[in-house]
Amino acid sequence: MAGGASPSCVFCQIARSSTSTPLLHSDEKVVAFRDINPSAFRHYLVIPVEHIPTVKDLQRRTEDFSLVNHMLNVGQTLLHRDAPQSKQYRFGFHQPPLNSVDHLHLHCLALPFTPRWKHIKYLSWGRLGGFIEAEKLLERIKPLSPIPSKV
């Protein structure tokens, strides 16, 4: 992972509570808050406290897998609490070059999209990038099981 806080990163500032952004959740690994430009009925961001620039910086490691899984669990809990009437939820990340802030952030969306055209920002472009669903990213970074040794 990338390491400490970046002083110029707005999300690092939010994670350190150096802004007036109200937090919906905070623990030792992540913080969550409302997106300032929502694309859906409810639109939250879950970010790691540690500065990790993008999904491209995640690897098949237990720490990275656990972090993304925790981010997803926090996002799901918040949306199920705050938007139980929604019939559909989306959880995922923008991949470079389409990420707007160079600090890993999970988009947690309780649909419908508002306005409807904003769904375009949350489409996968396959190998070209675009939006990657959190579950798909978890598959990509799931640690490989160790090969048992024959003794």
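**Strands, rings and core**

Colleague: Phe-33 is buried. What is the relative accessible area of Phe-33?

Modeller: A residue counts as buried under 20% relative accessible area, as exposed over 50% and as partly exposed in between, with a 1.4 Å probe and protein chains only. Phe-33 falls in the buried class, because its relative accessible area is 3%.

Colleague: What pLDDT must side-chain atom pairs have in order to count?

Modeller: Residues are numbered from 1 along each chain as its sequence is written, and side-chain values use heavy atoms, with hydrogens and water left out. The model is predicted, and local features need pLDDT of at least 70, totals for chains, interfaces and linings use all residues, and side-chain atom pairs count only at pLDDT 80 or more.

Colleague: How many aromatic pairs does a search of the whole structure find?

Modeller: Rings of Phe, Tyr and Trp (its six-membered ring) pair if their centres lie within 6.5 Å; planes under 30 degrees apart are stacked, over 60 edge-to-face, and the rest tilted. By that rule, the number of aromatic pairs found in the whole structure is four.

Colleague: Which class of pair do Phe-11 and Phe-33 form?

Modeller: Phe-11 is buried, with a relative accessible area of 7%. Phe-11 lies in helix α1 and Phe-33 in strand β2, so their pair ties together parts that are 22 residues apart in sequence. Helices (H or I, at least four residues) and strands (E, at least two) are DSSP runs, numbered from the N terminus. The ring centres are 5.5 Å apart and the planes stand at 75°, so the class is edge-to-face.

Colleague: Strand β5 spans residues 106-113. Which residue of β5 is the bridge partner of Arg-42?

Modeller: Strand β5 is mostly covered, as seven of its eight residues are buried. Two strands pair if DSSP finds at least two bridges between them. Strand β4 (residues 89-94) runs antiparallel to β5 with four bridges, while β3 (residues 40-48) runs antiparallel to β5 with six. In β5, the bridge partner of Arg-42 is Ala-110.

Colleague: What is the omega of the cis peptide bond from Leu-111 to Pro-112?

Modeller: Most residues other than glycine have a negative phi, and most peptide bonds are trans. A cis bond joins Pro-96 and Pro-97, with omega about 10°, and Pro-97 is found in the loop between β4 and β5. Pro-112, by contrast, lies in strand β5. The bond from Leu-111 to Pro-112 is cis, with omega near 25°.
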